[in-house]
Amino acid sequence: MDNSQSASYQAGQAKAEAQEKASGMMDKASNAAQSAKESVQEAGSQMQAKAQGAADVAKEKLGMNK
């Protein structure tokens, strides 16, 4: 293998490694985004349940729950 072939091979190796690293970083970013989405959805569900509970208590206190 002459110098130009060796340099071409090494450039190909570097490109493949960079692509693999980028792919891994994209996977991590996607996982982080999915986790954040799930956390926000869970927080929203908890707030909705608390609000419904507060509304039910208010209805009970005002005698509107018949």
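Reader: Is Gly-12 buried, partly exposed or exposed?
Author: This is a predicted model, where local features need pLDDT of at least 70, side-chain atom pairs count only at pLDDT 80 or more, and totals for chains, interfaces and linings use all residues. Residues are numbered from 1 along each chain as its sequence is written, and side-chain values use heavy atoms, with hydrogens and water left out. Buried means under 20% relative accessible area, exposed over 50%, and partly exposed in between, with a 1.4 Å probe and protein chains only. Gly-12 has 36% relative accessibility, so Gly-12 counts as partly exposed.

Reader: Which class does Lys-50 fall in?
Author: Lys-50 is found in helix 1. Its relative accessibility is 63%, so Lys-50 counts as exposed.

Reader: And Gln-5, which class is that?
Author: Gln-5 is also found in helix 1. Its relative accessibility is 45%, so Gln-5 counts as partly exposed.

Reader: What percentage of the chain counts as buried?
Author: The accessible surface of the chain comes to about 5900 Å² (Shrake-Rupley method, 1.4 Å probe). Carbon and sulfur atoms hold 55% of that surface. Of the 66 residues, the share that counts as buried is 0%.

Reader: How far does helix 1 reach from its first C-alpha to its last?
Author: Helices (H or I, at least four residues) and strands (E, at least two) are DSSP runs, numbered from the N terminus. Helix 1 covers residues 3–62, which is 60 residues. The expected span, 1.5 Å times one less than the number of residues, is 88 Å, and helix 1 is close to that, reaching 88 Å.

Reader: Which residue just after helix 1 takes a positive phi?
Author: The phi there is about 70 degrees. The residue is Gly-63.

Reader: What is the radius of gyration of the chain?
Author: The C-alpha atoms fill a box of roughly 90 × 10 × 5 Å along the principal axes. The globule rule is 2.2 Å times the number of residues to the power 0.38, taken over C-alpha atoms. A compact globule of 66 residues would be near 11 Å, but the chain has 28 Å.

Reader: How far apart in space are Lys-50 and Asp-2?
Author: Gln-5 and Ser-35, 30 residues apart along the chain, have C-alpha atoms separated by 45 Å. For Gly-12 and Gly-53, 41 residues apart, the separation is 61 Å. Lys-50 and Asp-2 are 48 residues apart in sequence, and their C-alpha distance is 72 Å.
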